[in-house]
Amino acid sequence: MKIKIISIEPISGHDRESGARRLAKIQMFLPELQVTLCDIVLTHDHDEGFVAKPGKPKTGGPTIVWPKGSPFAKSVAEAAATAYSGMLAEELAELKELYKAA
């Protein structure tokens, strides 16, 4: 998988769960999915080495972003709509028509 680093910001301290040293906060772009991951924290531990994991989201900011109308956005919306229609025990096509009429 291709990963493009958008930004990297040095941080300090230790991870509360693992005790690993916190090194940087990273934003990365996954071109194949057209998705940006935000607030990824790079840590280092002598036993596990480098580990990247999701950080705590900034207040009011999403931790994952994708371009509106991208293939990924359409796939996510279609999967969510299918699950939603299944939850309501309605056909997806009927729900689409219902929401267009509303």
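Biologist: Is W66 buried, exposed or partly exposed?
Modeller: W66 counts as partly exposed, at 33% relative accessibility. Buried means under 20% relative accessible area, exposed over 50%, and partly exposed in between, with a 1.4 Å probe and protein chains only. This is a predicted model, where local features need pLDDT of at least 70, side-chain atom pairs count only at pLDDT 80 or more, and totals for chains, interfaces and linings use all residues. Residues are numbered from 1 along each chain as its sequence is written, and side-chain values use heavy atoms, with hydrogens and water left out.

Biologist: How many aromatic pairs are there?
Modeller: The structure holds 1 aromatic pair (Phe, Tyr or six-membered Trp rings with centres within 6.5 Å; planes under 30 degrees apart are stacked, over 60 edge-to-face, the rest tilted). The ring centres of W66 and F72 are 5.2 Å apart with planes at 70°, so the pair is edge-to-face. F72 is partly exposed at 22%.

Biologist: Switching to charges: what does D15 pair with?
Modeller: D15 forms a salt bridge with K53, 2.8 Å from N to O. The term covers a side-chain nitrogen of Lys or Arg within 4 Å of a carboxyl oxygen of Asp or Glu. D15 is buried, with a relative accessible area of 12%, whereas K53 is partly exposed at 22%.

Biologist: And which other residue does K53 bridge to?
Modeller: E17, with the closest N and O atoms 3.7 Å apart. Salt bridges with shared partners join D15, E17 and K53 into one network. E17 is exposed, at 71% relative accessible area.
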